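Good morning, and thank you for coming. Please look at the sequence and the structure on the screen while I describe how the chain is put together.

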Amino acid sequence: MKIAFIGGGNMGEAILSRILERKLSTRKTTFISDISESRRQSLKQIYRVNTTDNNRSAAVVSEVVLLAIKPQNLTQVMAELNEQLKPSQLVLSIAAGTKIDTLYRGLSHNSIVRAIPNTPAQVGAGITVWTATAEVNEQQKRWARSILGAIGEEIYVADEKYLDMATAVSGSSPAYFFLFMETLVKAAVDIGLPRDMAEKLVLQTMLGSSYLLQKSGKPPAELRRMVTSPGGTTAEALLQFDRGGLGNLAKQAVTAAYEKAKELGNEQK
């Protein structure tokens, strides 16, 4: 496929590297538009793709226009592309908090996919929730699915409302896990473990636990009970989490992120 990236930041580069690796596009049919000259030069040197600072020239020659820009740059980009796209072109937006209606109005274009990837996409281990407008045809859906599948798992939903929920869960939760790991490392160091050992223990335990959960097919609660012997060390640790209100804090955090996602979307209307 011919694809234009409007924005060449970390997530854009993650998608770029994976679609080239999977041969979903070629270097000759891939275009990157970015305002930073140094960023354009870097991407051109690494991936040998076409680069430009002109969003319109990159977009009009492509079948898929992938918006990988920050929300604060969206208004300018949409103004540049307004009424420039053909119905046969697909707009795939990963712009945070940007609702389909905003893209509709800003681009004067109907064939739109909105997607919420997360940062593990940078290593091909992401999860993306996405939806499409009624005007997106089956071929365009296949394009979207292949692009998003290149960076990890993908889940299609028919209702856009689930994307704000996904933002609060899969979009933001890598930070939740990183915070918990950071806190565990600090606690381990505080009881006397060397930092390098603490970091390795926490990292491998997180990886191993996730893999066990994935492969076992058992729910997290059952695996937790299997690790927890009555009156043992794990039971004592979990008691402290319960007394501190970990479950309630997690619920509050996800709810706050969800409300913020909705707020950001409404601000762009």
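Let me begin with a definition: helices (H or I, at least four residues) and strands (E, at least two) are DSSP runs, numbered from the N terminus. What we see is a predicted model, in which local features need pLDDT of at least 70 and side-chain atom pairs count only at pLDDT 80 or more, while totals for chains, interfaces and linings use all residues. Residues are numbered from 1 along each chain as its sequence is written, and side-chain values use heavy atoms, with hydrogens and water left out.

First, the overall picture. The chain contains twelve helices and eight strands. Its C-alpha trace spans about 65 × 40 × 30 Å along the principal axes. Of its 269 residues, 38% count as buried; buried means under 20% relative accessible area, exposed over 50%, and partly exposed in between, with a 1.4 Å probe and protein chains only. I shall also speak of contact, which means heavy atoms within 4.5 Å. Among the contacts in the chain with a separation of 6 or more, 64% come from residues 24 or more positions apart.

Now to the sheet. In what order do the strands of the open sheet lie? The order of the eight strands is S3-S2-S1-S4-S5-S6-S7-S8, with mixed pairing. Two strands pair if DSSP finds at least two bridges between them. At the edges stand strand S3 (50–52) and strand S8 (152–156); each has a single partner strand, so one side of each is left without a neighbour in the sheet. Direction ignored, neighbouring strands of this sheet are turned by 20° against each other on average.

As a general point, strands of a sheet pair through backbone hydrogen bonds, either parallel or antiparallel. S1 and S2 pair in the parallel sense over four bridges, and Ile6 has Ser33 in S2 as its bridge partner. S6 and S7, by contrast, pair in the antiparallel sense over four bridges, and Val113 has Ala132 in S7 as its bridge partner. In S2, Thr30 and Ile32 point one way, Phe31 and Ser33 point the other way, and all are buried.

Next, the helices. Helix H5 (residues 100–107) lies across S4, S5, S6 and S7 and runs at about 140° to S6. Axes here are lines fitted to C-alpha atoms, for helices over the stretch in contact, and angles run from 0 to 180 degrees between N-to-C directions. Helix H4 (residues 74–81) packs with H5 at an angle of about 45°, their axes being 8 Å apart. That makes H4 oblique to H5, given that angles under 35 degrees count as roughly parallel, over 145 as roughly antiparallel, 65 to 115 as roughly perpendicular and the rest as oblique. On the H4 side the contact is made by Leu74, Met78, Ala79 and Leu81, and on the H5 side by Thr102, Leu103, Gly106 and Leu107.

Let us turn to the interior. A nonpolar core is a set of buried Ala, Val, Leu, Ile, Met, Phe, Trp, Tyr and Cys residues joined through side-chain atoms within 4.5 Å. Which residues touch the most other members of the largest nonpolar core? Among its 29 residues, they are Ile15, Leu66 and Leu92. Helix H1 (10–21) is one of the elements that each supply at least two residues of this core, and H1 gives the most, with five residues. Leu66 touches Ile3, Ala4, Phe5, Ile6, Ile15, Leu92, Ile94 and Ile147, not counting residues up to four places away in sequence. Apart from this core lies another, of 15 residues, among them Val65, Val77, Leu103 and Leu107.

Finally, two individual residues. Thr133 has its place in the loop between S7 and H6. Is Thr133 buried or exposed? Thr133 counts as buried, because its relative accessibility is 6%. Leaving out residues up to four places away in sequence, Thr133 touches Ile100, Tyr104, Asn110, Ser111 and Ile112.

Leu163 is found in helix H7 and is buried, with a relative accessible area of 0%. Apart from neighbours within four places in sequence, Leu163 is in contact with Arg114, Ala115, Ile116, Val129, Trp130, Thr131 and Val157. The buried residues of H7 pack against S6, S7, helix H8 (173–190) and helix H12 (246–267). Thank you for your attention.
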